[in-house]
Amino acid sequence: MNDAGRKKELLSGLEREMVENTALPLREANVVFGEGNPNAALMFIGEAPGFHEDRLKRPFVGRGGQLLTEQILALGWKREDVYITNILKRRPPDNRDPLPEEIEAYKPYVKRQIEIINPKVIVTLGRFAMNYFLPQAKITRDQGRVFDVGGRMIVPMFHPAAALRGTGVMNLFKESFKQLPDIVHGKVKPTAVESTAALEQTQPTRQTNLF
Ligand code: URA
């Protein structure tokens with residue numbers, strides 16, 4: 001079996017394990033585990049599924065997801081080239097903010113999902129996903145910057161839903177997005193090195209495909 005096939009099996013196994021874990025919170029909602037290329041060099045991580053994501057069991061398929069998809073296509077990539085997921089794998093009631101204990105409960109699954117895919121770059125969408133990797137970061141100050149967290153590049157970006165609410169944020173979101181090819185191809189070096197204490201990420205050991 002090739003690398004992508006093996007990773008796909010590992011991800012399916014991890015999802016099964018998560019579904020069977022009755023101790024996890026938010027179990028009344030559907031599982032939205034994530035989708036895309038299991039061998040992706042670039043992974044997008046949002047906050048939590050919303051109404052449309054819960055209904056279709058797919059991440060970022062509402063209005064915010066449409067904006068994310070448009071930006072991916074504008075770079076000449078396809079949505080299937082990257083991997084898209086969230087910190088929480090189930091929708092909180094009424095789309096309320098994730099609770100710290102919910103983030104903690106899903107953490108082992110996010111961590112293993114990242115280890116399996118082993119992306120070169122992780123783009124976090126919104127404050128909650130950013131603070132998962134970079135607890136001290138501030139979204140308005142740090143969006144678009146490239147951080148090295150345990151040898152992996154983390155790029156915080158505004159949440160697409162925030163970009164849809166205002167022109168200023170939308171312009172910054174689009175500008176940051178345009179940098180992604182250079183970041184993925186190693187032409188932009190991390191501007192800040194964050195302590196690995198933020199999260200015990202594993203070191204990337206291999207080069208993943210670069211589209
Ligand atoms: N917002 C998120 O953070 N994730 C989704 O999948 C959809 C909306």
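**Exercise 1. State which residues UniProt lists for the domain, and describe that stretch in the model.**

Solution. The unreviewed UniProt entry lists residues 33-184 for "domain: Uracil-DNA glycosylase-like". UniProt positions are given in the numbering used here, feature names are shortened, and annotations may be inferred rather than shown by experiment. Residues are numbered from 1 along each chain as its sequence is written. The model is predicted: local features need pLDDT of at least 70, side-chain atom pairs count only at pLDDT 80 or more, and totals for chains, interfaces and linings use all residues. Over residues 33-184 the chain is 46% helix and 16% strand, where helices (H or I, at least four residues) and strands (E, at least two) are DSSP runs, numbered from the N terminus. The end C-alpha atoms of this stretch are 24 Å apart.

**Exercise 2. Determine where the predictor's confidence falls below 50.**

Solution. Start with the chain: its mean pLDDT (the predictor's confidence in each residue, from 0 to 100) is 92, and 91% of its residues reach 70 or more. Then take residues 196-211, where the pLDDT is below 50. Beyond near neighbours in sequence, this stretch has 36 contacts in the model; two residues are in contact if their C-beta atoms, placed from the backbone, lie within 7 Å.

**Exercise 3. Decide whether Glu53 is buried or exposed, and list what it touches.**

Solution. First, locate the residue: Glu53 lies in helix 2 (residues 51-56). Second, apply the cut-offs: a residue is buried if 20 or more other C-beta atoms, placed from the backbone, lie within 10 Å of its own, exposed if 12 or fewer, and partly exposed in between. Glu53 has 23 such atoms and is therefore buried. Third, leaving out residues up to four places away in sequence, Glu53 touches Val32, Arg58, Pro59, Phe60, Val61, Gly62 and Arg91.

**Exercise 4. Name the residues that come nearest to the ligand.**

Solution. Among the 14 residues around the ligand (C-beta atom, placed from the backbone, within 6 Å), Gly46, Glu47, Gly50, Pro59 and Phe60 come nearest.
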